[in-house]
Amino acid sequence: MIGTQEKEQLAETLSSYGKERKSLIPLLEEVQVDLGYLPKEVMQEIATFLAIPEVEVYGVATFYNQFRFVPLGKHHVRVCMGTACHLAGGKLILEALERELGIKVGETREDGEFSLERVACVGCCMLAPVMIVGDGIHPRMTPFKAEEALIPYRQKSDGASSSEEQAGAQ
Amino acid sequence: MTFQEIQNRAKSEWENLQNNAYILIGTATCGRAAGALSTLEAFQQELSRRNIEVKTIQVGCMGLCHAEPLVTISKPDSFRVVYGNVTSELVPRLVEGYIVGDDPCLELALGTLEGGQGEAPYIPELPRFEHELRLVFRRCGYIDPVNINHYIANGGYSSLEKALRRQPEEIIEEVKNSELRGRGGAGFPTGLKWEFCHSAKGDPKYVVCNADEGDPGAFMDRVVLESDPQQVIEGMIIGAYVISAKQGYIYVRVEYPLAVERVKIALKQAEELGLLGDNILESGFGFHIELAMGAGAFVSGEETALMAAVEGEMSTPRPRPPYPAQAGLWGKPTLLNNVKTFANVPLIIERGADWFSSIGTEGSKGTAVFTLAGKVNNKGLTEVPMGTTFREIIYDIGGGIPESKSFKAIQIGGPSGGCIPASLLDTPIDYDSLRQAGSMMGSGGLIVMDEDNCMVDAARFFLDFTTKESCGKCTMCRLGTLQMHQILEAIVAGRAEPEDLNLLFELAEDVKAGSLCALGGTAPNPILTTLRYFRDEYEAHVMEKRCPAKVCPELTAYYILPDKCERSCEHCVLTCPTEAVKGEKGEIKVIDQEKCVNCGTCLDVCPPEYDAVVKLSPISQLPPEDAAAKERGIAQRAQQVV
């Protein structure tokens, strides 16, 4: 359920768009930027606003990769799986992060700290393989460096540690 | 304001800039990823600390991505110097040397832009630039992408001004004579498309720019929009004038936030100067452009799917004909071109069709823009005349393969393209020769593969992509790509039978024939080209359970050679993420094959003087008990996945 504050914000966002079908995708994008995901009741509100069936909104939202239906973690980790990153071992990075975070790709950790996602290509092919935490691009990863790169974000949140002792190895 | 006034104002701003020292910092996405924003901050801090007033300007990308962050220092009475790999630590030295003093710090420079400076190379004379011809990219990295005056002072919008004084039919003739073909990949003659749309009946008409650059490994359109967006807008306005459109859309993928931001600013600046709006340059002709953002679907790059997305629908293609030029956006005639196609138009108007068609090959005129990534030294972006060979691009421009490994293949055109083997390295690149080789120009992403890359794995990677991105409309594409992907999964896991190769081939031909749009129609290309040129690799996986490149994890094992292990070193033990490497200090280290996940960390960290970790394929090369443990580990992990 979303709170009153979010509802007010949603109403404000809706009022800045025309009631036309072509507003649907930009609307979904803007709402997702505000809330981090698309709750069911928001999609219902949008359907009412545009006077189209709810199923149309849901259909469009699930068609595009960009839209999410569960909240993201505080630190959203994305691993690039473009061609250059794949050839440079992107899959190994993703596997290392799954092990380290204890979640599978597409999931958010129960403590809400991290979520993990694969992306098709972020266009930084010369720095392959890359991972992105929040907005920060981490270039030329190895499975070991990827684990290490998470340390500052963990310290920022709860100081939890598991593999930090290994950091001195290199 | 008349265009003359706009131009004069822009020119005087540009000249004023040249009369003072200034610093250009490449802050396109690639520069940012390499740390350009910290470099920029370091310059600003150092300049304010010393109380020096020198402008720092954020520019786009010069295409030398391997040397990012890139900085250019310009001084009024001296030559301009380009520096590569400028981290914040180098900043005080450059400020002290070339801003305050007269030492151009040539030991840190990639080269100069004026030449004749002794030991520092003259950038246009670097070996790679002998092969390059920068047209669309000629201003990228030299002008401020969010200052329209920089564009105008360097020739921008004079083509629009010229075009507005001519008849649409004359412009169509010019574009037709230039023999420009669509830069989105399919290569349809642009002039012909413009003519169809011009004579199509319907009102209103629309202009759409396709910037949904979805091919993994391609980023040319991103660089154009981040570095010099106005040329695309100018091209669109000329197109709109020709077909009499009042409304246009630029469809940019959401994964390019910086491109989106810079295009927004560019549109606003063009409106402020009256280059977009109800009465463009007092000509009576009006045109507006809206930015539409993609939402992360590869299929949206297909023209009919893209238009569905702009309309707010699910992005699924529809049968053609009717083509967009007859019935496009909301069923109205629509002129839809790629970013680089529009960017070429102002050039053709400015320099003429004869000049343009003198560049390139018989059937493909002008330049081709490629991004160069993968196993190549000079990763980045290049613009070459059509007809340049792959060998020139990889070795002369790209600087060859790192670590003196051997070249295996070049992948062109992303998931729709194919792999070109060494035997075709001397093929001149144009639309037609690539089609003959079983590939296609596609959007222009080139990925170089070396001996360490497995071609079956590469094909599987692309099929994984197309399977996920198939919109689901056509059965052959939706289920056929899935079936092909499953066969490839079986091959890389050593579970396939010899007849699966024939099945794969048949299926590939059927998916090609049974799909409505180019996504399904070209999805089998990575398989067909690798089967055609690298069948031996497929056979090794199937018959010998061996991965020749030692990539596929089910067929490859890491092994520590006992006689090479130094014993007292513990790098592999400490870094192994699954604690699979065993051995106390002073003992020979051993990999527990059941726990090993093939991440390769032990091989990376083993000091080169010992070089004790090796990759083995097939797994039967391991000692028997290790091989059995490896099989157990693979089986366990396969169950976890299910």
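In this predicted model, the side chains of B:R139 and B:D228 meet in a salt bridge, with an N to O distance of 2.8 Å. The two residues belong to distant parts of the chain, 89 residues apart. B:R139 sits in the loop between α5 (127-131) and α6 (148-153) of chain B, and B:D228 in the loop between α10 (220-227) and α11 (230-243) of chain B. Both B:R139 and B:D228 are buried.

Another pair within chain B is formed by B:E594 and B:R632, whose closest N and O atoms are 3.1 Å apart. B:E594 has a relative accessible area of 23% and is partly exposed. B:R632 is partly exposed as well, with a relative accessible area of 43%.

Chain B also contains a network of salt bridges that links B:E46, B:R49, B:R50 and B:E96. Over all chains, a search of the whole structure finds 41 salt bridges.

**The interface of chain B and chain A**

Chain B gives 59 residues to the contact and chain A gives 41 residues. Between them the two chains bury about 3,900 Å², and 61% of this area is on carbon and sulfur atoms. On the side of chain B, the residues that lose the most area to chain A are B:A33, B:A295 and B:F461, together 14% of what that side buries.

Polar pairing is found across this interface too. Eleven residue pairs are in polar contact, with both residues at pLDDT 80 or more. The elements of chain B that give two or more residues to the side touching chain A include the helices α2 (29-33), α13 (303-310), α18, α24 (571-575) and α25, and the strands β8 (288-293), β10 (367-374) and β14 (445-450). The largest share of that side comes from α18(B), with eight residues.

The count of salt bridges between chain B and chain A is three. One of them pairs B:E313 with A:R21, the closest N and O atoms being 3.3 Å apart. A salt bridge also connects the side chains of A:R118 and B:D464, at 3.7 Å from N to O. This pair joins two chains, because A:R118 lies in strand β2 (residues 114-119) of chain A and B:D464 in helix α18 (residues 455-469) of chain B. A:R118 is partly exposed, with a relative accessible area of 30%. B:D464, in contrast, is buried, with a relative accessible area of 18%; the cut-off for buried is under 20%.

| Residue | Partner | N to O distance |
|---|---|---|
| B:R139 | B:D228 | 2.8 Å |
| B:E594 | B:R632 | 3.1 Å |
| B:E313 | A:R21 | 3.3 Å |
| A:R118 | B:D464 | 3.7 Å |

**A nonpolar patch on chain B**

On the surface, B:F188, B:L192 and B:F196 form a nonpolar patch, and their accessible area together is about 250 Å². B:F188 is placed in the loop between α8 (168-178) and α9 (190-199) of chain B. The relative accessibility of B:F188 is 40%, so B:F188 counts as partly exposed.

Key. Residues are numbered from 1 along each chain as its sequence is written. Chains are lettered from A and ligands numbered from 1 in the order in which they are written. This is a predicted model: local features need pLDDT of at least 70, side-chain atom pairs count only at pLDDT 80 or more; totals for chains, interfaces and linings use all residues. Side-chain values use heavy atoms; hydrogens and water are left out. Patches are made of residues with over 30% relative accessible area and no salt bridge: like charges are joined within 9 Å, nonpolar side chains (Val, Leu, Ile, Met, Phe, Trp, Tyr) within 5 Å. Accessible areas come from the Shrake-Rupley method with a 1.4 Å probe; for residues, only the protein chains shown count as cover. A salt bridge is a side-chain nitrogen of Lys or Arg within 4 Å of a carboxyl oxygen of Asp or Glu. Helices (H or I, at least four residues) and strands (E, at least two) are DSSP runs, numbered from the N terminus. Buried means under 20% relative accessible area, exposed over 50%, partly exposed in between (1.4 Å probe, protein chains only). Contact means heavy atoms within 4.5 Å. Buried area is the accessible area (1.4 Å probe) that two parts lose on being put together, summed over both. A polar contact is a pair of N or O atoms within 3.5 Å; within protein, one must be able to donate a hydrogen and the other to accept it, and residues adjacent in sequence count only if both atoms are side-chain atoms.
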